[in-house]
Amino acid sequence: MTVPPPFRPILIRGLDDALLAAGAADSAGTPLVLMGPPAAGALWLRGVVERVRKAHPGLEVAGLLDCGDRAGEAQGALAAGLRLVLFTGRPEMADRLAAIAAARGAALLTHRPPALDLAARSPAARPLAEGRSRHCAAALEALCRDWLKRDQG
């Protein structure tokens, strides 16, 4: 698998963030890469991606899990069916994991790409259920849209 262009991941912390980012990607007409936080886990991220695909069936969406230097977690993420995995551990282990990824039609990244972190952008980045206003959600969706379209001229 090649990294989808434009590769502009959005770091999410929950389904609300993912759905907000998906709405922005849908309206911008761009693919979406949802990046899970390091402690998220492959099954959690895969479940979020599946729910986003159901909510936005025409949207090309992928999950990217940050496994840090944990080779076992990276291998587990690939076994769970994630197509993008970030591993920043030893180069010889990265080579082995890259071969496993390639055999599964996935991609292994060894450098963390720049990502839009919704939670770091605004104290209002809490889910709607926790009190984020519709105005703040619209502003964050616009921020996502701008982020996703940045490399498209």
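In this predicted model, 6 strands build an open sheet whose order is 5-4-3-2-1-6, with parallel pairing. The edges are taken by strand 5 (107–109) and strand 6 (116–117); each has a single partner strand, so one side of each is left without a neighbour in the sheet. As a reminder, strands of a sheet pair through backbone hydrogen bonds, either parallel or antiparallel.

Around this sheet, the protein chain holds 6 helices and 6 strands. Read from the N terminus, its elements follow the pattern β-α-β-α-β-α-β-α-β-β-α-α. Of the 153 residues in the protein chain, 46% are buried. Considering contacts between residues at least 6 apart in sequence, 60% link residues at least 24 apart. The accessible surface of the protein chain amounts to about 7600 Å², and carbon and sulfur atoms account for 53% of that surface.

Strand 1 (residues 10–11) pairs with strand 2 (residues 32–36) in the parallel sense, over 2 bridges. Here Leu 11 has Met 35 of strand 2 as its bridge partner. Helix 1 (residues 15–28) packs on the sheet and touches both strand 1 and strand 2, its direction making about 160° with that of strand 2. Helix 2 (residues 42–55) also packs on the sheet, where it touches strand 2 and strand 3. The direction of helix 2 makes about 165° with that of strand 3.

The pairing of strand 2 with strand 3 is likewise parallel and runs over 5 bridges. Within it, Val 33 stands opposite Ala 62 of strand 3. Strand 3 itself is mostly covered, with 6 of its 6 residues buried. Val 61, Gly 63 and Leu 65 point one way from the strand, while Ala 62, Leu 64 and Asp 66 point the other way, and all are buried.

Leaving aside residues up to four places away in sequence, Val 61 touches Leu 32, Leu 34, Val 49, Val 52 and Arg 53.

Asp 66 also lies in strand 3, which spans residues 61–66. Asp 66 has a relative accessible area of 8% and is therefore buried. Its side chain reaches the backbone nitrogen of Gly 68 at 2.9 Å, and the Asp 66 side chain also makes a polar contact with the side chain of Arg 112, at 2.6 Å. Beyond residues up to four places away in sequence, Asp 66 touches Met 35, Gly 36, Pro 38, Glu 73, Leu 86 and Arg 112.

Turning to helix packing, the axes of helix 3 (residues 71–79) and helix 4 (residues 91–103) come within 10 Å and cross at roughly 5°. The two helices are therefore roughly parallel to each other. Helix 3 contributes Ala 71, Ala 74, Gln 75 and Leu 78 to the contact, and helix 4 contributes Met 93, Leu 97, Ile 100 and Ala 101.

How values were computed: Residues are numbered from 1 along each chain as its sequence is written. This is a predicted model: local features need pLDDT of at least 70, side-chain atom pairs count only at pLDDT 80 or more; totals for chains, interfaces and linings use all residues. Side-chain values use heavy atoms; hydrogens and water are left out. Helices (H or I, at least four residues) and strands (E, at least two) are DSSP runs, numbered from the N terminus. Buried means under 20% relative accessible area, exposed over 50%, partly exposed in between (1.4 Å probe, protein chains only). A polar contact is a pair of N or O atoms within 3.5 Å; within protein, one must be able to donate a hydrogen and the other to accept it, and residues adjacent in sequence count only if both atoms are side-chain atoms. Contact means heavy atoms within 4.5 Å. Accessible areas come from the Shrake-Rupley method with a 1.4 Å probe; for residues, only the protein chains shown count as cover. Two strands pair if DSSP finds at least two bridges between them. Axes are lines fitted to C-alpha atoms, for helices over the stretch in contact, and angles run from 0 to 180 degrees between N-to-C directions. Angles under 35 degrees count as roughly parallel, over 145 as roughly antiparallel, 65 to 115 as roughly perpendicular and the rest as oblique.
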